There are 2 protein chains.
Amino acid sequence: MKNPCLVIGLMSGTSLDGVDAALVDIAGSGTDTRISLRHFVSVPFAKDVQGELLRVASQTPVPAGVISHLNFLLAALYTEAVQRVCEEAGVASSEVDLIGSHGQTIFHQSEPAPFCGRMLASTFQIGEGSLLAENTGVTTVSDFRPRDMAAGGKGAPLIPYVDYLLFRDAQLSRLLLNVGGIANITSLPAGSALEQVKAFDTGPGNMVIDALVRRFTNEEQGYDTNGSLGASGQAIVPLLEKLLANPFFEAHPPKTAGREQFGQAFVRQMLEHGQTARFEDLVCTATELTARSVAAAVTRFVLPETTVHQMIVSGGGARNAFLMQRLQLALPKTEILTSEDLGIPTAAKEAIGFAILANETLHLHAGNVPGATGARRPVVLGKVAYGDNYRRLRGITQP
Amino acid sequence: MKNPCLVIGLMSGTSLDGVDAALVDIAGSGTDTRISLRHFVSVPFAKDVQGELLRVASQTPVPAGVISHLNFLLAALYTEAVQRVCEEAGVASSEVDLIGSHGQTIFHQSEPAPFCGRMLASTFQIGEGSLLAENTGVTTVSDFRPRDMAAGGKGAPLIPYVDYLLFRDAQLSRLLLNVGGIANITSLPAGSALEQVKAFDTGPGNMVIDALVRRFTNEEQGYDTNGSLGASGQAIVPLLEKLLANPFFEAHPPKTAGREQFGQAFVRQMLEHGQTARFEDLVCTATELTARSVAAAVTRFVLPETTVHQMIVSGGGARNAFLMQRLQLALPKTEILTSEDLGIPTAAKEAIGFAILANETLHLHAGNVPGATGARRPVVLGKVAYGDNYRRLRGITQP
């Protein structure tokens, strides 16, 4: 296998706002992985694409053909993101060795439920890997989550493996917090082995805040810039307490959350109980909900087992100054940093993560952390579509 | 790469009746491929699974979660078919080197149409490859069609490449006819190179016949056994002529057909125009429609370019004696054989085909025939999920 490799990681998250592309130099693999971010772009989806994705991800019934078309359409949009990140970085796409594409989740149910006479859990990401490989000429790994679920895991979270490679420390016990649509934490006790890593979703990240901002600005604003809306409001305490009583927060890890728990129905419940409330008070309450549910998860499930010296925040939420402030108040004894403080831009972390996971797959290394997903064993994630570059990537010389 | 390999091909076709599994010894690759079928099983789907698949493939709107669950459920059923073919053959699944799984097509649109402001064609097979690889421990190639479509092809037919490997002849010009739900032909002129191979769908195979039989037997019978129902009826000539006037039959190849053209709506049209007709006359008319549309395709699109010494029939239709008789009448100058006469059981041919295509993918050989699909170029098909056996398969010794 070629070493070092130039890898592109693609991530489009539950917030459905667009696709992130990170162009990363990766040397080595496993615990010897060393990375350097060359460039990062975030390409928003057009409104009609976002509308179709929201419709499908909200489980509105659609013909199979709509999902089939979205699978191909997203791959075309991902291709454009690949071209964009290459162009801006002054790199020819023929120089890229590998693409790791998370895809867009349109369904995720980690608890088995009856279906056609069987108990089934399943997860579903779209953004056709074959199309990306053909369009770009670059070998592409996609569909990382199903393999973990096939091994008895919840299919999420997958970033803990990346957190372990990038952020583990011999002296400091660290907690990684990613605040995307959903918030999740990875616990990396000082000097820990991969087997000791634990991770789980803590509940809503930006998903509820964003939904409220979109609703009250008539879709003009997609998120609470810097947290200024939330900061101008006051938390509605009875509503906050009611929301924090959601049984998800008490459930023991491993656990995963999504639009199913904290999507439209959850926001509707907030609006019903806060009908007379000021908009900024609702946003403040949603922000406080994220901060408090993260802090509660740390207190309940992490601190009994390990100290926490540092909490390192990434994802869109790291740019919400009000959220960061509420987090610090809720966890006064913990030093709170952003991943940027350790050299990884907060917005790029997940996309970088899928570049690293693709590199691991090509090295036949498992990319899931059983302590994070609940899988029976570590497994090699994803499905590989061979690009025109595959022989060069593998150093294969015979025809 | 290990050589020879023991490979399982899995096929579940548009007839939605179950999954075929072929256990095949494959030596070599490309034009040096030599195969030997060890065992073949056909495992029918349970009624409720078939009902869900028919609902989804008929484009009834469903939540994305239903398709997500079916994707996992089918992989579980495919796993059982793998176990069954191994057990019956007295082979441990740990002896199997590779699985090639076609999956279940739930949407296929080869002509681009507007979608979210773009022109899009797409194809969609389910039956999660990652799950098959995890459940069986065997490296699995799945999703063969999207890559061809990404290269500008219609994503079908894919069996022509296999036909070329198995049936080409230096002296005899051969025509391969597969009669599954849809019928397709591959033309292999004597001594031809792969570039001269042409193939296309001719229209309905068993799809219309089966739908009529299911309807009139209240789902008790799934197909016309030996063609005895059709043989006992008389063709309704005005209706037959009306059906043969369908513009699909005149369209120039490459072309593909599916449930979109010859599914429920087509059968409804037949029933409306034959309301007073006897059941067996309708079945006879549908059988004649298949035979005549195949013959018309041969006359229109093949004979102007090459002679045809032999037509070799495979698929379920090869067991319909009445259909075989009507084909011979419609093409009096051609010797009509079944693939069984050349050593390939008719029912197993497509499953064997996907075993061979998976072997080609692992050898980094293209598996599409541009003259069949209309693709811009030959491309390596499918996505690879690494099984526990992958290092052994590749002869990789380092960790």
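Reply: Helix α13 of chain A, residues 321–330, has four buried residues: F322(A), L323(A), M324(A) and L327(A). Buried means under 20% relative accessible area, exposed means over 50%, and partly exposed lies in between (1.4 Å probe, protein chains only). Helices (H or I, at least four residues) and strands (E, at least two) are DSSP runs, numbered from the N terminus. The model is predicted, so local features need pLDDT of at least 70 and side-chain atom pairs count only at pLDDT 80 or more, while totals for chains, interfaces and linings use all residues. Residues are numbered from 1 along each chain as its sequence is written, chains are lettered from A and ligands numbered from 1 in the order in which they are written, and side-chain values use heavy atoms, with hydrogens and water left out.

The buried residues of α13(A) pack against several elements of chain A: β8 (174–179), α7 (228–231), α12 (279–302), β11 (310–314) and β12 (335–338). Contact here means heavy atoms within 4.5 Å. An α-helix has 3.6 residues a turn, so residues three or four places apart point the same way.

At the start of α13(A), a side-chain oxygen of N320(A) comes to within 3.2 Å of the backbone nitrogen of F322(A). For a polar contact, a pair of N or O atoms must lie within 3.5 Å; within protein, one must be able to donate a hydrogen and the other to accept it, and residues adjacent in sequence count only if both atoms are side-chain atoms.

R326(A) makes a salt bridge with E288(A), and their closest N and O atoms are 2.7 Å apart. R326(A) belongs to helix α13 and E288(A) to helix α12 of chain A, so the pair ties together parts 38 residues apart in sequence. A salt bridge is a side-chain nitrogen of Lys or Arg within 4 Å of a carboxyl oxygen of Asp or Glu. R326(A) is partly exposed, at 23% relative accessible area, whereas E288(A) is buried at 8%.

Elsewhere in chain A, the side chains of E111(A) and K154(A) form a salt bridge (2.6 Å, N to O). E111(A) sits in strand β5 (residues 104–115) and K154(A) in the loop between α4 (145–150) and α5 (159–167), so this pair joins parts 43 residues apart in sequence. E111(A) is partly exposed at 48%, while K154(A) is buried at 13%.

Over all chains, the whole structure has 34 salt bridges. Between chain B and chain A the count is ten, and E128(B) forms a salt bridge with K383(A), with the closest N and O atoms 2.6 Å apart.
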